[in-house]
Amino acid sequence: MIRVSENQRFGCVFFSAILALVLSSSFWISGCAGSASATKPTSVLPKGGSAITSVTITPSSSSTTTGGTLQFSATVSGAATGETVRWTAALGRISSSGLYTAPAKAGTDTVTATSTTQSNKSASATVTVTAPTPTPTPTPTPTPTPNLSSNVTCSGSNCPAFPGAQGGGAASAGGRGGVVMEVTTLNDSGTGSLRACVEASGPRTCIFRVSGVITPLSRMAVANPYITIAGQTAPGGGIVLSANAPAGQGGEPLDVQTHDVIARYLTFDGYKAGPGNTGPDTGTVGYEMANGAGDVYNVVFDHLSGRWVGNKYLVYANDQSGAQHIRNTDWQWCLFYEPNIAHPVGPLMSAAAFPDEDTNNDWHHNMFINTGHRIPLVMDMDKWRWVSNITFNWDYFAASENGDSADFIDNLWVAGNLNNGNTNPHPVNATLGGTAPDGTCLSNCDLPGTPSIYMSGNVGPQGTDYQLTAEEAGTDPEGFPEVASPIRTSWQRSTPLPAEPLPIIPDAANSLDSVLLGTVGNSQHLDCNGNFVSNRDSQDTRVIDQYIARGPGGEFGGPNYRGPSSGPSVPAGTPCQESLHDGIPDQWKVLKGLSTTDSNLNSEVAPNGYTWLENYLNGQ
């Protein structure tokens, strides 16, 4: 036994106190008679603390072939016990356990691990993706073929609008094979404006040689078919369509009144200074499809962002008599958030005139954040699909199914601060459509107005599928109260709607974070080598980070709003060198072994069935 004098005991106590103050924690002190040792006990720090010093990924760089897999792991330094990370991949896919699957296209990918409690702590790894070595042939090809890496092969008649286009509008031809019209100015109209391309006739593709904010001074209507608006070609920060026109001017920045339209990688800022900027009957509207001079069909909206709208993100409006219809349309990979508190609603789809002809209008792989309700509101539309969408932080009901035939498949609803204390938090509400309870027709309708709903793979606060639904009293799509949960059995359908020629491929609800968060919205643009590179702006990033952290937020102008009053500045950037002004950079042509002097090249059909211009636009 070692005897310790009173002086030694006093020194031990004094040393222990000083050491504890220096290290600002609780320590065990022992061995003061001859030595001192300290061991810090494990503690759990509060979420959002500052103890995380770094995140590292192993391996930091690697390579694989297209479609190959790699296992990554992450180490969080300085973190509390149990700290986890969120995995994302720019081009390929990665699971929550770090299992990476390479894309079908060769190139360079980036894998990122982000702390789930501190989104500013992350690390990235580089993956070199190469094409598999082809089997040698005994007889070499006498003429070299262009080096085209493609993940879609088709003939001109059955090519999707672009690789990844799925659903009702996926067969849209857009501007395939037509002329290239360069957007060289941010002016509302005139030579080189977006309006000049939108309002032209004949097959055409709008190629952007500028980036920045375009403010339409009147409605920009697409009345002539066969157009592709390729926002992914804009250099710098991309293209923002602003509603902030002078008083008495402005209108929808994109109003589709025709068929075969493709619009990709654009942002709509709905904020408008001054009076008259909110709905429901006035105020800014983002995008519209309305039966004007003819039918609206074969329309694809892909990777768009929309925010701060005063009235509605989108309006489908078929309320006119006549033979016009809205059918075969798609909204996919879009990000919408924070409508004005005076009318904080999502999309409206109304087909009151001829609902049984308004079919196959689909929404898949989209994300809605800080939106009050009606996400969407659909009235008397015969067939529509809501597949693999994320809805976060709504207030009372999200989707309203009002006398329609609808499929809800593999969707995720995540409650937020707007749901707290709400008595009607069900994600999907159903009401009678065009008929009153006594069978009286309430509008010029030829559907009975009885909902027909198929649900599979959905996840939300109440559980899964029909547990997420509630029936509303009366015929008002925003009526109260909810009188049954789940909705009545006679409104439930046991089989999905018939498959479309280019069907939607669902992703499971619990996998949507890893599938969507990396690229949803106007998040990328093309570089001169034909690669999609990250281009997400600060406000889209802000709401994605809010979702990851499950943080608070709310509608524009409301008490829970956390964002700015208007959009961020848009970097100008430098356009790629295009000697022929045909939409295809010289650099990409050289990489693919193509001519840089052939003026017809952009409209020629490549071996995979798409034109050479489309192959560049598609990042193939």
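I count rings of Phe, Tyr and Trp (its six-membered ring) as a pair if their centres lie within 6.5 Å; planes under 30 degrees apart are stacked, over 60 edge-to-face, and the rest tilted. This is a predicted model, where local features need pLDDT of at least 70 and side-chain atom pairs count only at pLDDT 80 or more, while totals for chains, interfaces and linings use all residues. Residues are numbered from 1 along each chain as its sequence is written, and side-chain values use heavy atoms, without hydrogens and water.

**Rings.** I found 18 aromatic pairs in the structure. In one of them, phenylalanine 72 and tyrosine 100 have ring centres 6.1 Å apart and planes at 90 degrees, so I logged the pair as edge-to-face. These two residues are 28 residues apart in the chain, and both are buried (under 20% relative accessible area; exposed is over 50%, partly exposed in between; 1.4 Å probe, protein chains only).

Next I looked up tryptophan 384 and tryptophan 386, an edge-to-face pair at 6.4 Å centre to centre with 80 degrees between the planes. Tryptophan 384 is buried at 0% relative accessible area, and tryptophan 386 is buried at 0% too. Ring pairs join both into a cluster with Phe301, Trp331, Phe336, Trp363, Phe368 and Phe408.

**Backbone.** Which peptide bonds did I note as cis? The one from threonine 58 to proline 59 is cis, with omega near -5 degrees, and so is the one from isoleucine 375 to proline 376, with omega near 0 degrees. Tryptophan 333 is not a glycine, yet its phi is positive at about 60 degrees; this tryptophan 333 is buried, at 14% relative accessible area.

Conventions
Helices (H or I, at least four residues) and strands (E, at least two) are DSSP runs, numbered from the N terminus.
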